[in-house]
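Visitor: I would like to learn how to read a sheet and the helices around it. Could you take me through one example?

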Amino acid sequence: MNRKLIIGTRGSALAMWQANHIKDRLADVGIEADLKVIKTQGDIIQHLRLDKLEGKGFFTKELEEELLSGTIDLAVHSHKDLPTVNPPGLIIAAVSERENPAELLIVLKDCVDIKKRLSLKHNATVGTSSNRRKAQLLSLRPDLEFDDLRGNLQTRIQKLRDENYDAIVLAKAGIERIEMDLSEFHVEEIPPVEIIPAPAQGVLAIQIRENDQELFQTLQAIHDAAVAEVIAVERKVLNLFDAGCHAPLGCYCRKVDNKYEAWTSVADTSDEFPDRLYIQRDTTDGMAEEIFAKFAKDRKLPGSVFISRDIDENTYFARALAKHNIVIDARSLIRIYPVINKLDPFILKHVDWVFFASKNGIDHFFALEPQLRKHTKIGVVGRGSEEALRKYDRIADFSGDDFGIHTDEIGHEFAKIADGQTVLFPRAKGSLETIQKAMTAGTKIIDMPVYETVLEEDVAASAADVLIFTSPSNVEAYFNDNLIEPGQQIISIGKSTGAKIEEMGLPYVTPYSPDEIGLAEAVFGLKY
């Protein structure tokens, strides 16, 4: 291509970074380009909430008009801002690599309470213009208050600095792109499997005229086909729901070990408790349509669910099921007893890491009032343990939540971090010790059983449509006295629990994460 291109962009610091990033990528393949700054409706109208603005393309319409008129050759957009259907005559010719699609909760330091989920004090006011973020945050923290937040990244941060809010939520990708310094605040990164991002969050879209085939072919040199494949699922879900970029809908798809995983969160309004779904498939073919069907108003759901532990009615899992009038039969089938009543302080002086594979391990360990050194780090298997740890004023330094559903995978990731150090494992007596077995030869392991389980006798059967087992002991206690009933389905938390169910010759499914969000996703993902 011999011609010099003109790139259309909005004028904010983030938009300029994005346009310059594409300009540099084009330069790498020998194409010169200049930038043209164009103001959009979303930039000009700052006094209205985003969901009150007319139409779906209020950050893109003016750029698209200049493309169609020929005054620019391509437009660079945050892909999540684009409507799912291009205006006639325009196409998305290429997409960028994907930046981390996580959310950042940015908190004033005097509003931090690490005992609370997300480290945010009770009844805090959060600034966000996103109905999607509001619905999902409320599902985790019903006490939070929300105020609308508009403006570019610098303006939003200044509003927090001026204490208009206790915290604000921003996409991590934008913060990283312009290298914004957030050291004066407390920052919590919320992974995309916990707060599900907007479709195509973290991706740039390059839009051109459909008839400019020469430019289309040129742009394939900077097109990320792998990213395009997974965000096509997310964007198709958005399209099927006929939702704009500010609807209370999140969808995130990724490819891991040749499998495609997708998380979806949908609510009718920002104040409604959202429904969530996780699915894993071998191909993206039909994936979006399957997700959409799972959220149909007339879909069949279980009438009742049994779970082998006590559940408070205010928990995420209880509220998720109560929304659909699903009855919960919650009862533990085991009794738990401590096996030690005193810690050797000498051992703790030489520990670099303490790793917990369960909430019971955390509670029984901290009941011993351990005096951990300041530099001792803590690892946990996932979100459930992470939240249990907060009760003791500690935040996990490692969480296995983002490394897959199998503890052996989590163990291999933790082994890389703990290599050559000393790790203490408070655990249940007789546990499988999966994480320990993954440690490298140079890592010193201190094994410490802190509790044991005793099975209840004469366990009553449950007639629930779904049986959820939370430990191998609960499986054993239940099936000592009962059989599976026709039509009942089983959900297992964890590999060791699943292994015990397999001994019974029974089928089961495993949630992506062994916490209440993962359990709710698993219940709604079953076929009835």
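Guide: Gladly! Keep in mind that this is a predicted model.

Visitor: Which residue in strand 23 is the bridge partner of Leu 467?

Guide: That is Ile 490.

Visitor: In what order do the strands of the open sheet come?

Guide: The order is 15-14-22-23, 4 strands with parallel pairing. Strand 15 (327-330) and strand 23 (489-492) each have a single partner strand, so they form the edges and one side of each has no neighbour in the sheet. On average, and ignoring direction, neighbouring strands here are turned by 20 degrees against each other.

Visitor: Which strands does helix 16 touch as it packs on the sheet?

Guide: Helix 16 (residues 472-481) touches strand 14 (304-307), strand 22 and strand 23, and its direction makes about 135 degrees with that of strand 22. Helix 18 (residues 516-525) also lies across strand 14, strand 22 and strand 23, and runs at about 155 degrees to strand 23.

Visitor: At what angle do helix 16 and helix 17 pack?

Guide: Helix 16 and helix 17 (residues 495-503) pack at about 25 degrees, with axes 8 Å apart. Angles under 35 degrees count as roughly parallel, and helix 16 and helix 17 are therefore described that way. Their crossing is right-handed.

Visitor: Which residues meet there?

Guide: From helix 16 come Pro 472, Val 475 and Glu 476, which meet Ser 496, Thr 497, Lys 500 and Ile 501 of helix 17.

Notes. Residues numbered from 1 in each chain as written. Predicted model: local features only at pLDDT ≥ 70, side-chain atom pairs only at ≥ 80, totals over all residues. Heavy atoms only, no water. Pairing = 2+ DSSP bridges. Helix = DSSP H or I, 4+ residues; strand = E, 2+ residues; numbered from the N terminus. Axes fitted to C-alpha atoms, helices over the stretch in contact; angles between N-to-C directions. Contact = heavy atoms within 4.5 Å. Parallel < 35°, antiparallel > 145°, perpendicular 65-115°, else oblique. Left-handed = near helix turned anticlockwise from the far one by under 90°.
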